[in-house]
Amino acid sequence: MTEPLFTIPLWADLLGVGLGGVQGAMFASGFQGQRRLDWLGVSIIGIMIGMGGGLIRDILLGQTPATLQNQWYLVTAGGAALLGMLLAGLFTRLNTAIVVLDAVVIGMFGAFGTSKALAFGIPEVPAVFIGVCAAVGGSVLRDMLMGLPTAIMHVGSLYAVAAGAGCTFIVIAVALGMPITIAAVAGIAVTTVIRILAVTFDVSLPEQRRIYRRKVAAETGVIPIIKP
């Protein structure tokens, strides 16, 4: 694969990793009772949130993960996780901070994933897919490690949809001639705003409803009814 025309600045990638580490540790620190975690557990969750999106992005692009080629990624994620634990101890109500950080983090990883994919010559639709996977990948790993229901698979506040909107904005803006760096920044803003508004006003996609096969068959006559 040829050298891309655009690369993510190290400071920007580390900023996303750091914010993800803080958000992940603050999220994990809020669990009590049977799901309460020790310092090591909280640190691991923070590190996975911070590094998960970049790992998934580069694996989908067929690249050696950038997070494994520079020691500062793991150092930043670990330090950010410790900071997140300290912040969780200082504040009793973390929901607002967690939601805002979460929105920014998914916006950054989505924008970085889509921009890097476009820079490597990936077509627009797969580039959006890579961006969304990078945006939500850290949360999926978090939920799996903590034994929680995977957030994006259940009714919620437009988690992946917000990431998809930001990533789609990027590919459209780039196609219209906007510089990819400016498009990425705008994409982060789009994702962040949609996610925060969705949580604030409790907006979600319509819930899937169970459709009873026998009832449909009886009413339409299209599906044959198999008698027991």
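## Salt bridges

Five salt bridges are found in this predicted structure, each one a side-chain nitrogen of Lys or Arg within 4 Å of a carboxyl oxygen of Asp or Glu. Residues are numbered from 1 along each chain as its sequence is written. Because the model is predicted, local features need pLDDT of at least 70 and side-chain atom pairs count only at pLDDT 80 or more, while totals for chains, interfaces and linings use all residues; side-chain values use heavy atoms, without hydrogens and water.

## A linked network

Let's start with D13, R57, D58 and K116, which are joined in a network of salt bridges. R57 pairs with D13, their closest N and O atoms 3.5 Å apart. R57 sits in helix α2 (residues 39–60) and D13 in helix α1 (residues 10–29), so this pair ties together parts 44 residues apart in sequence. Helices here are DSSP runs (H or I, at least four residues), numbered from the N terminus.

K116 meets D58 with the closest N and O atoms 2.8 Å apart, linking helix α4 (residues 95–119) to helix α2 across 58 residues. K116 is buried at 16% relative accessible area, and D58 is buried at 0%; buried means under 20% relative accessible area, exposed over 50%, and partly exposed in between (1.4 Å probe, protein chains only).

## A nonpolar surface patch

On the surface, V193, L197, F201 and V203 form a nonpolar patch with about 380 Å² of accessible area together (Shrake-Rupley method, 1.4 Å probe, with only the protein chains shown as cover for residues). Patch residues have over 30% relative accessible area and no salt bridge, with like charges joined within 9 Å and nonpolar side chains (Val, Leu, Ile, Met, Phe, Trp, Tyr) within 5 Å. V203 lies in the loop between α7 (180–200) and α8 (213–220) and is partly exposed, at 38%.

Note on methods:
Helices (H or I, at least four residues) and strands (E, at least two) are DSSP runs, numbered from the N terminus.
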